[in-house]
Amino acid sequence: MKRGLMASTRTLCEIGRSGFTLVFAAIACSGCASLPDTQLDQLRQVRHQLVQSKAASYCAPEFEHFSTSFRQLQLDYTRLQERWLDWGASDQLSRRIQRELLAGREIEQCGLQRREELKERQEAMWRLIDNVLDSLPEELPLQLRTRRNEAQVKLRLARRLWEQQDYLSAQQPLGEAEDATRLLEVHWQEILRRFEDPGLLERWLAWAEETIQWSRKEKKAAVIVDKYNRVAKLYDRGRLLEAFPVEMGWNALMDKTHEGDGATPEGRYRVEALKAHPKTRYNLALLLNYPSREDRHRFEKALRKGRLSPDTHLGGLIELHGDGGQGWNWTQGCVALDNSSMKRLYRKSYPGMPVTIVGRIG
């Protein structure tokens with residue numbers, strides 16, 4: 001009887017202790033706050049939108065800080081799931097998430113602002129590049145034409161992306177186009193300075209004056225070719241009879257140094273032979289005595305100084321010939337006139353006629 005009473009008492013005590021525990025848990029949970037699931041989902045959505053709108057790329061440092069905080073919040077959220085929650089911890093997490101939501105909205109505004117700033121900078125770059133390219137002549141030396149083509153290819157790619165409002169992707173090809181254009185402008189200005197060099201201008205003018213004086217004294221025809229102005233002037237008895245537009249080598253503005261450079265030579269030459277079909281592939285042609293003694297001297301000096309490779313040749317067969325009028329410099333170094341002009345020039349020409357080719361005289 002006593003043993004049964006003790007067992008009954010133990011059972012009641014255990015039930016009492018279990019009931020107390022349940023009651024304590026219920027009281028404790030009544031003070032708990034729920035996890036901020038909804039806020040965290042909102043934060044995930046904000047982060048996704050920042051990536052989609054490319055605000056994350058426009059404001060990369062700010063977004064990186066935002067992402068670091070986001071990862072820490074996710075980690076803290078997971079930790080809170082694994083232990084008893086109290087109102088203070090949950091509320092603190094909620095406030096931190098709220099701050100990051102505000103930070104996300106600020107990054108969104110930052111992205112919009114920097115997007116517009118980049119767009120405006122790129123519009124200014126377009127204007128700069130277009131102005132430089134428009135200022136260049138259609139006919140450039142081969143090396144510069146190659147650079148211009150490279151710039152135009154990059155420019156087309158950038159414009160395609162820009163029209164799609166993908167300003168970030170457009171930045172690299174546009175920047176490369178700007179670099180190529182600036183380099184092109186620098187090199188073009190270097191070439192132009194050659195035609196403004198006082199020493200060269202004085203030499204070219206002296207050559208031209210000597211040719212005109214010779215024509216006046218000998219009462220014969222002579223020709224002066226002005227490369228810069230793309231004109232051949234026919235003089236007779238020292239008087240200007242006619243000026244013919246010309247086309248020259250595809251690297252015309254450079255002084256010829258060797259075979260294959262595409263440059264038209266500068267110097268004082270004479271007509272060696274008058275050639276008509278079938279002795280010339282062109283309509284009519286005047287063969288010059290290029291290379292002159294001065295040309296050979298300069299070529300040999302360049303070889304000695306290592307400015308040209310040992311297997312380089314000086315070349316020859318420079319002519320004034322027909323089949324011009326194509327509108328661009330296309331020859332290997334010759335001077336081309338349209339067939340009507342060439343015919344008129346040919347009628348006044350003779351073996352030994354002076355043909356002086358200068359960089360510029362006006």
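User: Is Q332 buried or exposed?

Analyst: The model is a predicted one. Exposure is judged by relative accessibility, with over 50% counting as exposed. Q332 has 53% relative accessibility, and therefore counts as exposed. The residue is found in the loop between β6 (319–321) and β7 (335–336).

User: Which residues does Q332 touch, apart from those up to four places away in sequence?

Analyst: Contacts of this kind show which parts of the chain are brought together in the fold. Q332 touches G249, W250, K256, G262 and A263. G249 is 83 residues from Q332 along the chain, yet their C-alpha atoms are separated by 4.9 Å. For the protein chain as a whole, residues 24 or more positions apart account for 65% of the contacts with a separation of 6 or more.

User: How many bridges join strand β1 to β8, and how many join β4 to β8?

Analyst: Strand β1 (residues 221–226) runs parallel to β8, and four bridges join them; in this pair V223 stands opposite V355. Strand β4 (residues 267–276) also has four bridges to β8, but in the antiparallel sense, and R270 has P354 as its bridge partner.

User: Why is β8 described as largely enclosed by the rest of the structure?

Analyst: Five of the five residues of β8 (residues 354–358) are buried, so the strand is largely enclosed by the rest of the structure. Both of its faces are covered: P354, T356 and V358 are buried on one side, and V355 and I357 on the other. For the protein chain, 42% of the 362 residues count as buried.

User: Which residues are buried in helix α2, and how are they placed around the axis?

Analyst: An α-helix has 3.6 residues a turn, so residues three or four places apart point the same way. In α2, the buried residues are Q39, L40, L43, V46 and L50. They cover an arc of only 115 degrees around the axis, which puts them on the same side of α2. The face turned away from this buried side carries the exposed residues T38 and Q52.

User: What is the span of α2, and what follows the helix?

Analyst: Helix α2 (residues 37–52) has 16 residues and reaches 23 Å from its first C-alpha to its last, close to the 22 Å expected at 1.5 Å a residue. Just after the helix, K54 takes a positive phi of about 70 degrees.

User: Where does R147 lie, and which side chain of opposite charge is nearest?

Analyst: For a buried charged residue, one looks for a partner of opposite charge. R147 lies in helix α6 (residues 142–163). R147 is buried yet has no salt bridge, and the nearest side chain of opposite charge, E150, is 5.8 Å away. Leaving aside neighbours within four places in sequence, R147 is in contact with A180, L183, L184 and H187.

Key: Residues numbered from 1 in each chain as written. Predicted model: local features only at pLDDT ≥ 70, side-chain atom pairs only at ≥ 80, totals over all residues. Heavy atoms only, no water. Helix = DSSP H or I, 4+ residues; strand = E, 2+ residues; numbered from the N terminus. Buried < 20%, exposed > 50% of the residue type's maximum accessible area, 1.4 Å probe, protein only. Lys, Arg positive; Asp, Glu negative; His and termini not counted. Salt bridge = Lys/Arg side-chain N within 4 Å of Asp/Glu carboxyl O. Contact = heavy atoms within 4.5 Å. Pairing = 2+ DSSP bridges. Expected span 1.5 Å × (residues − 1). Arc of directions from axis to C-beta.
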